[in-house]
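Keep the coordinates open while reading.

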Amino acid sequence: MQLAAAAACSCLAGCALPTVAEQRRIEKKAVDGSLARTTFGGLHRLGDGVYAFVATPFDSRGGKGDRRAHSNSGIIVGDEGILVVDALRTPGASAWLVAACHALTGRRPTHLVCTHFHFDHVGGVAGFVHQGKLPRVYQTRRTRDLVRDSYGEVVPKGEQGLLAQSSLQAFGGHYVEPTDIVIDGTEGLRIDLGRRTVNIREVSGHTESDLVVEVEDPRVVFTGDLVWNGIFPNFMSAHPERLGIAVRSLFQGEKRLMVPGHGLVGATDDDSLKNYADLLDAVELAAKQAYAKGIPAEQAGGSFQIPESLGAWKYFRPGFHETAFRKWYELLQEKG
Ligand SMILES: [Zn+2]
């Protein structure tokens, strides 16, 4: 970790968030200029006491890179508590994030929110264990159940009984039960961190249960995987119609910074993020047209091309177009 040296750099004194174009240059240089960086990502200051960890899961040619973090995360600092959004894929990556948090603030995270059940957002919870204790770990009830269902039977073992054997280990993660359940439904949860309140809301779309984490000053929203920037989204667990509704609502209202689940941070009026919302619309239109013509989902997804006006997109693996079309077809079939 290069944080000790980086912490003294002028960024910490209050430099503005780089523009998306600047961030692209930063990404090319393996996030040079961030507060702290490693091969799997870098930490960026968004404003007073609010940081984004941006994963760098691709190599310089757009191929598979270091995926120990795999997804983005965030650190929100209050006078009394520090909340981290998402646990990354592996305990090693999240332990790096915890160390970066400690180097920046002199304190460790007190709260952890897992936005949804996918392995790259819950696999690293064990990296937050300190002297046998976890911070408060928040998930929705549905997310907890989906983690259990998706990653197999959980057999508690290990020191202090916090770690467990589970199929999350196939992805480099460890299963850890949440300590707190966010109130399900629209009520959400407000967490007072001391002179800073964080709002947590449950929505759905990327999965059956997704959490959105919002900060008012600076105005930042951590979207989990409801939003992807420059990386084609995984529809594997999605309800595509609800996803579109959730995404449109996230872009409404006053301009704010958006930390997507994957890809670079931007403002809600940045083209790259608006392109994501337009991409969802383009997929919806193409899937509905192909469905009406009776073209099989695999064939229609396989031949789908993203309009050039929406820029270049990376892929975690092949077949994501087909998955998106399959999920649309399932929904259209249900609706009759
Ligand atoms: Zn996800």
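Arg195 has 10 other C-beta atoms within 10 Å, so Arg195 is exposed. Its place is the loop between β11 (189-192) and β12 (197-203). Val182, with 24 other C-beta atoms within 10 Å, is buried because that count reaches the cut-off of 20. The model is a predicted one, and these counts come from its coordinates.

Over the chain of 336 residues, 46% are buried. The secondary structure consists of nine helices and 18 strands. Among contacts with a separation of 6 or more, 65% are between residues 24 or more positions apart.

The sheet comes next. Eight strands form an open sheet in the order β1-β2-β3-β4-β5-β6-β7-β10, and the pairing is mixed. β1 and β10 (180-182) are at the edges; each has a single partner strand, so one side of each lacks a neighbour in the sheet. On average, neighbouring strands of this sheet are turned by 25 degrees against each other, direction ignored.

At the β1 end, strand β1 (residues 36-38) pairs with β2 in the antiparallel sense over three bridges. The two are joined by a hairpin of two residues, and Thr38 has Gly41 of β2 as its bridge partner. Strand β2 (residues 41-47) has six of its seven residues buried. On to β3 (residues 50-55), β2 is again antiparallel, with six bridges. Gly41 stands opposite Ala55 of β3, and Arg45 stands opposite Tyr51. The hairpin of β2 and β3 has two residues between the strands, and Gly49 there takes a positive phi near 75 degrees.

Setting aside residues up to four places away in sequence, Val182 touches Tyr138, Gln139, Thr140, Leu189, Ile200, Glu202 and Leu211. The C-alpha atoms of Val182 and Arg142 are separated by 10.0 Å, although the residues are 40 apart along the chain. Helix α5 (residues 141-150) lies across β7 (136-140) and β10, and runs at about 90 degrees to β7.

Which residues touch the most other members of the largest nonpolar core? They are Leu97, Leu112 and Val113, in a core of 85 residues. Helix α7 (residues 271-293) supplies the largest share of this core, eight residues. Beyond its neighbours within four places in sequence, Leu112 is in contact with Val84, Ala87, Val125, Phe128, Pro135, Val137 and Tyr138.

Helix α3 (residues 91-105) has 15 residues and spans 21 Å from first C-alpha to last, close to the 21 Å expected at 1.5 Å a residue. Its buried residues are Pro91, Ala93, Ser94, Trp96, Leu97, Val98, Ala100, Cys101 and Leu104. Gly106 follows α3 with a positive phi near 80 degrees.

Helix α7 has 23 residues and reaches 32 Å from its first C-alpha to its last, close to the 33 Å expected. Leu273, Asn275, Tyr276, Leu279, Leu280, Val283, Ala286, Ala287 and Ala290 are buried in α7. An α-helix has 3.6 residues a turn, so residues three or four places apart point the same way. The buried residues of α7 pack against β15 (228-229), α6 (240-251), β16 (257-259), β18 (266-267), α8 (297-303) and α9 (320-335). Just after α7, Gly294 has a positive phi of about 80 degrees.

What remains is a set of backbone exceptions. Most residues other than glycine have a negative phi, and most peptide bonds are trans. Leu88, in the loop between β5 (82-85) and α3, has a positive phi near 65 degrees. With 31 C-beta neighbours inside 10 Å, Leu88 counts as buried. Arg195 also has a positive phi, near 50 degrees, but is exposed. Finally, the peptide bond between Asp217 and Pro218 is cis, with omega about 0 degrees. Pro218 sits in the loop between β13 (210-215) and β14 (220-222).

Note on methods. Residues numbered from 1 in each chain as written. Predicted model: local features only at pLDDT ≥ 70, side-chain atom pairs only at ≥ 80, totals over all residues. Buried ≥ 20, exposed ≤ 12 C-beta atoms within 10 Å, placed from the backbone. Helix = DSSP H or I, 4+ residues; strand = E, 2+ residues; numbered from the N terminus. Pairing = 2+ DSSP bridges. Contact = placed C-beta atoms within 7 Å. Axes fitted to C-alpha atoms, helices over the stretch in contact; angles between N-to-C directions. Expected span 1.5 Å × (residues − 1). Core = buried A, V, L, I, M, F, W, Y, C linked by C-beta atoms within 7 Å.
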